[in-house]
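Please read the report below alongside the sequence and the coordinates.

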Amino acid sequence: MSHLIRLVTALAVFLAAAQVQAESRKAPAYDARRDRLEGISKVELAGLAPQLDQGPVALVEFANMDADQLPAINVAMRVGVSADQLTKLIADPGNYPKFMPTVDSVEVLARSDNAIVYEWSFDLAVLHLRGRNTMTIYKTAPGKDSASRITIDSDEGDMGRGRFSIRVYPQSPKSSLLLVSMRLDLREANYVAHHDRQ
Amino acid sequence: MSRITIDSDEGDMGRGRFSIRVYPQSPKSSLLLVSMRLDLREANYVARQMAKAARSINRSANLSLTLSMALHLRQEAERRAGIAQPKGPLRGLDKPAFDLRALASMLSRGDLLFFNMTGDQLNQVSVVGAIDQPLEKVQATTRDANSFGSALVPGSEAKVVSQADGITLFDWSINLPLVGVSGRMRMKENDKQLAIDATSGALKGGRWLFELAPLGPKVTLVTGWARFDFSNSTWLLEKILNADPYFGVGMTGASEVMLVRALRSRSAK
């Protein structure tokens, strides 16, 4: 019976969320993929060095409420491998299910020199989520301090639309600085309504 | 066959009907048939709560997703390189040290979170934010336990139980149907610092500390540092955190940001 209650409660929460999301879908003011992700500048990252030595740092931005904008999230952390090694790991979404518990499967739909289109899915309890992303890998500018840059656009699916911008700054032959900035419009993640229609 | 119906006429679970039929099968067995149709779209309480919190839920989910992704990338990259995650005892709570000049440009764009971690273990999370209100006004908000207490646990309501010798006890609860949680906290102000301890209920053992400092006559800097565990709260959160403990790191940070944002909006009233 407790499972039934949990299931009903979960459904209630997600239906309510769907209702809220449906309301917000009536007049989408903007596309979260197009808003600029400013990130954290190299000067600002240098100012955060003492905090980065102790763990991740996040800048949770303010949003322009009048424009119905969503705040960007920026997370920076030190990683004990070279920038090249880390970039290669990030640029291989097919391997994500092996080490990201929130990604159960990834199917690569298309691949070119600098872009990968893939579908992902994730099951948790009563949640069955899926979506389609496009990963773009940019050429690193010449120079030993240049960051490599990868963007992931969430084009459609149960996590809504939005963008991840990932930069990897070389720090030493055996360390790098990872900066992930993102803005994902989960109000567009009309999970229940989507599945209701099926 | 016996038949029982339960009508849900109104309330947090919406309107609808359960129909329960029991068919005799043999002297020692029966067949139970439960049919139901419940209009959860009418579950207005949840909808209202979700609508009210849509923006902060979005922000919390974004932060948790970003941190989870980044931490898993770091963990896997270091595992492949043969680097063992350091382990150590949980450190005590310390006020974060920082150079305000180095953070100024970022504080004009948002609130900053510092995660103090030893390997996978989160020792504490600190938040730094600027509020465009004079110190006295922000202080008055933090001293109102009913208001500040409810801001401490997102979505909760707080009620002061007692106030004596500079110590305020208050009960808090999240009144969501079936996933609601509650507890008691003790709030104490020492010189410039405000300390809050979760003494019972969900989040028991959690500790939050805050300090306010003027940044000129019209701006106040809020510094908070805390440690608490969401895994002892609602079953849904527990499920998510079991699936991916790194989500908890983001949720903890998101909760600190919610607190500063609540202080900001309540001080402006």
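**Confidence**

This is a predicted model. Chain A has a mean pLDDT of 78, and 71% of its residues reach 70 or more. Within chain A, helix H3 (residues 49-52) has the highest confidence, at a mean of 96, while helix H6 (residues 191-197) has the lowest, at 42. Over residues 1-27 of chain A, where pLDDT stays under 50, the model has 43 contacts beyond four places in sequence. Over residues 190-198 of chain A, where pLDDT also stays under 50, the model has 14 such contacts.

**Make-up of the two chains**

Chain A contains six helices and eight strands, and along the sequence these run α-α-α-β-β-α-α-β-β-β-β-β-β-α. Chain B contains six helices and 11 strands.

| Chain | Residues in chain | Buried share |
|---|---|---|
| Chain A | 198 residues | 41% |
| Chain B | 269 residues | 39% |

In chain A, 53% of the contacts between residues at least 6 apart in sequence join residues at least 24 apart. In chain B, residues 24 or more positions apart account for 47% of the contacts with a separation of 6 or more.

**The largest nonpolar core**

The largest nonpolar core has 90 residues, and those touching the most other members are A:Ala76, A:Leu178, A:Val180, B:Ala70 and B:Leu113. Helix H6 (residues 246-267) of chain B gives the most to this core, with 10 residues.

A:Val180 has contacts in both chains. Apart from residues up to four places away in sequence, A:Val180 touches A:Val75, A:Phe164 and A:Ile166 in chain A, and B:Thr66, B:Met69 and B:Ala70 in chain B.

**Strand E4 of chain B and its partners**

Strand E4 (residues 110-118) of chain B is largely enclosed by the rest of the structure, because seven of its nine residues are buried. One pairing of E4(B) is with strand E1 (residues 57-61) of chain A, in the antiparallel sense over five bridges. In that pairing, A:Ala58 has B:Leu113 as its bridge partner in E4(B). B:Leu113 is also among the residues that touch the most other members of the largest nonpolar core.

Another pairing of E4(B) is with strand E5 (residues 121-131) of chain B, antiparallel over seven bridges. Here B:Met117 stands opposite B:Leu122 in E5(B). E4(B) and E5(B) form a hairpin with two residues between them, and B:Gly119 in the turn has a positive phi of about 60 degrees.

**Helix H4 of chain A**

Helix H4 (residues 83-90) of chain A has four buried residues named here: A:Ala83, A:Leu86, A:Thr87 and A:Ile90. Viewed down the axis of H4(A), these buried residues fall within an arc of 100 degrees, so they line one face of the helix.

Is B:Met106 buried or exposed? B:Met106 counts as buried because 20 C-beta neighbours lie inside 10 Å, and the cut-off for burial is 20 or more. B:Met106 lies in helix H2 (residues 100-107) of chain B. Beyond its neighbours within four places in sequence, B:Met106 is in contact with A:Glu44 and A:Leu59 in chain A and with B:Leu112 in chain B. The C-alpha atoms of B:Met106 and B:Ser35 are separated by 56 Å, the two residues being 71 residues apart along the chain.

A:Ile137 belongs to strand E5 (residues 127-138) of chain A. With 18 other C-beta atoms within 10 Å, A:Ile137 is partly exposed. Its contacts, leaving aside neighbours within four places in sequence, are A:Ala91, A:Asn114 and A:Ile150. A:Ile137 and A:Leu177 are 40 residues apart along the chain, and their C-alpha atoms are separated by 17 Å.

Where does B:Asp165 lie? B:Asp165 is in the loop between strand E6 (157-164) and strand E7 (167-174) of chain B. B:Asp165 counts as exposed, because it has 6 C-beta neighbours inside 10 Å. Most residues other than glycine have a negative phi. B:Asp165 is not a glycine, yet its phi is positive, at about 50 degrees.

Note on methods
Residues are numbered from 1 along each chain as its sequence is written. Chains are lettered from A and ligands numbered from 1 in the order in which they are written. This is a predicted model: local features need pLDDT of at least 70, side-chain atom pairs count only at pLDDT 80 or more; totals for chains, interfaces and linings use all residues. pLDDT is the predictor's confidence in each residue, from 0 to 100. Two residues are in contact if their C-beta atoms, placed from the backbone, lie within 7 Å. A residue is buried if 20 or more other C-beta atoms lie within 10 Å of its own, exposed if 12 or fewer, and partly exposed in between; C-beta atoms are placed from the backbone. The arc is that of the directions from the helix axis to the C-beta atoms. A nonpolar core is a set of buried Ala, Val, Leu, Ile, Met, Phe, Trp, Tyr and Cys residues joined through C-beta atoms within 7 Å. Two strands pair if DSSP finds at least two bridges between them.
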